Amino acid sequence: MMNNERIHELVDKNFEDMTASLSELIRIPSVLDESARSGGHPFGPRMTEALDKFLEIAARLGFRTANIDNMAGYAEIGEGPLIGALAHLDVMPAGDESNWKYRPFGAETAEGRMYGRGTSDDKGPAVSALYAAYALASSGVRLNRRFRVIVGLDEESGMRCMERYKRTEEIPEMSFSPDGFFPVVNAEKGILHFEMSRRLDAAEAMGLPELADIKGGDRFNIVPDGLDVFFKRASAANLELVLMPIGADVIDTGRGILVRVRGKTAHAMEPHKGENAIQKFLGTVESLDFGPPPLHAELVKIASLFKMESDGASLGVACADDVSGPLTCNLAAISMKDGVISVRCDIRYPVTASGGELIYKLRKSAAGIGWKLGIARDSPPLFVPPESKLVQTLLEAYDTITGESAKPKSMGGGTYCKTLPNSVSFGAQFPGEEETAHQPDEYISLDSLRKMTHIYAEALCLFNE
Ligand SMILES: [Zn+2]
């Protein structure tokens with residue numbers, strides 16, 4: 001069934017050694033710690049320790065290794081043109097440990113799974129790619145390519161690791177990142193983060209009326225599930241009537257009236273799966289009576305750009321393409337501070353759309369209501385054609401091992417592989433598998449770990465041909 005039998009035998013033979021190496025890495029709590037950056041550890045000493053451990057394992061297997069300023073590193077084997085696998089060794093904090101059944105940094109094995117922070121995201125897949133290259137290299141076949149497993153140390157918090165890597169290190173001809181999804185993600189939407197704001201001038205702010213505070217949402221990439229609006233007034237009568245249909249709580253605090261709107265959170269790449277608390281409230285402001293302008297008037301204006309929709313139609317930016325689907329828009333936050341009212345928003349745009357053109361349209365919409373536009377981030381889309389050698393090779397490897405006949409996928413957003421040119425996300429999560437990254441009791445199924453290693457080994461064999 002497989003052409004490269006010897007190599008796949010070696011994957012199985014080394015499996016226990018691989019899981020032992022993975023446990024060693026899981027036991028190092030490599031959570032970003034910028035308070036401890038002194039002494040040449042930009043992301044903290046535990047992060048350096050994780051990198052050292054990874055490079056030590058790789059060196060033991062015969063790889064050439066490099067540590068890049070304790071921000072990133074790589075393990076390389078073979079000769080010839082360079083193929084990259086891009087993974088990371090930093091992990092999210094464990095959070096409230098009482099929510100874990102297994103120790104977050106214990107690497108405990110139960111029911112065919114290894115539990116612990118980083119098992120699935122992304123130390124498990126990193127080790128898997130390393131052992132796949134090791135199987136190929138130790139099988140006795142001649143290597144016609146260099147395989148380099150690149151590991152970054154702050155994928156979860158800014159990706160400065162890859163900025164640093166790209167400044168001095170060789171960029172692989174093509175790369176895959178085992179930090180996403182099988183079969184292959186070859187299209188990722190562009191991401192645009194912007195703010196719209198309006199400063200109320202002193203005279204206007206003086207008259208600042210009954211609406212004393214408004215605050216909802218936090219991060220760009222999350223659909224806000226709550227909004228608090230505080231009114232300096234005695235009676236809740238009119239508010240209750242208007243806000244009843246959206247199920248808001250209207251609470252008399254004694255010093256005023258607090259309105260609490262609830263929604264349902266979701267990731268900004270799929271805003272339709274959530275319920276946006278801010279948009280729900282804005283949908284009522286026209287009928288709400290909270291004293292004299294200007295604030296009321298400004299909220300009515302901004303509400304006209306964010307109706308109960310997630311396609312950006314009222315903003316004037318709705319668009320779609322066949323490869324990646326429609327643009328999505330998440331109104332992520334609203335706040336009022338020092339006389340400035342502002343909203344923040346996350347847009348995921350199709351791979352054929354242009355960020356510059358969208359910014360132009362947003363500027364026009366903002367100017368139309370007298371608000372200012374600020375761009376916080378424009379990360380361009382990623383698209384590697386399905387017929388490219390990279391995508392074809394990876395799909396062939398995936399199909400050979402799984403027996404499927406898979407098609408490449410499109411996604412709403414910013415995976416790690418966007419940091420390198422000509423790269424796609426390739427695993428390590430299988431379709432239909434429970435996602436436990438960033439959650440309590442994160443785990444990797446040992447069957448999946450074995451299967452992904454066979455897939456990576458098969459892919460490297462195909463690249464090597
Ligand atoms: Zn990750």
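Student: How do the residues lining the second largest pocket divide into nonpolar, polar and charged?
Tutor: They split into five nonpolar, four polar and six charged. Here Ala, Val, Leu, Ile, Met, Phe, Trp, Tyr, Cys and Pro count as nonpolar, Asp, Glu, Lys and Arg as charged, and the others, Gly among them, as polar. Mind that this is a predicted model, where local features need pLDDT of at least 70 and side-chain atom pairs count only at pLDDT 80 or more, while totals for chains, interfaces and linings use all residues. Residues are numbered from 1 along each chain as its sequence is written, and side-chain values use heavy atoms, with hydrogens and water left out.

Student: Which residues of that lining lie nearest the pocket's centre, and which element gives the largest share?
Tutor: Of the 15 lining residues, Lys 215, Gly 217, Ile 334, Ser 335 and Arg 344 lie nearest the centre. Strand S17 gives the largest share, five residues; strands S11 (211–216), S17 (328–337) and S18 (340–349) each give two or more. Strands are DSSP runs of E, at least two residues, and helices are runs of H or I, at least four, numbered from the N terminus. The pocket holds about 170 Å³ of space.

Student: What makes one space a pocket and another a cavity?
Tutor: On a 1 Å grid over the protein atoms alone, a cavity is a set of points where a 1.4 Å probe fits but cannot get out; a pocket is an open set with protein on both sides within 12 Å along at least five of seven lines, and lining residues have an atom within 4 Å of a point. Points are joined across faces, edges and corners, and the volume is the space filled by probe spheres set on them. The whole structure has one cavity of 30 Å³ or more, and the largest cavity has a volume of about 50 Å³. Its lining includes Ile 83, Phe 147, Arg 148 and Leu 460, and divides into eight nonpolar, one polar and one charged.

Student: Why is Cys 329 called buried?
Tutor: Buried means under 20% relative accessible area, exposed over 50%, partly exposed in between (1.4 Å probe, protein chains only). Cys 329 has 4%, so the label is buried. Cys 345, at 0%, counts as buried too.

Student: What makes a nonpolar core?
Tutor: It's a set of buried Ala, Val, Leu, Ile, Met, Phe, Trp, Tyr and Cys residues joined through side-chain atoms within 4.5 Å. The largest has 71 residues, and Phe 54, Leu 130, Leu 394, Phe 426 and Phe 463 touch the most other members. Helix H12 (residues 446–464) gives the most, eleven residues. Apart from that core lies another, of 51 residues, among them Phe 231 and Cys 345.

Student: How do you know that Leu 362 is buried, and what is it in contact with?
Tutor: Leu 362 is at 0% relative accessibility, so it counts as buried. Leaving aside neighbours within four places in sequence, its contacts (heavy atoms within 4.5 Å) include Leu 192, Val 317 and Ile 347. Leu 362 and Val 317 are 45 residues apart in sequence and 7.3 Å apart in space, C-alpha to C-alpha.
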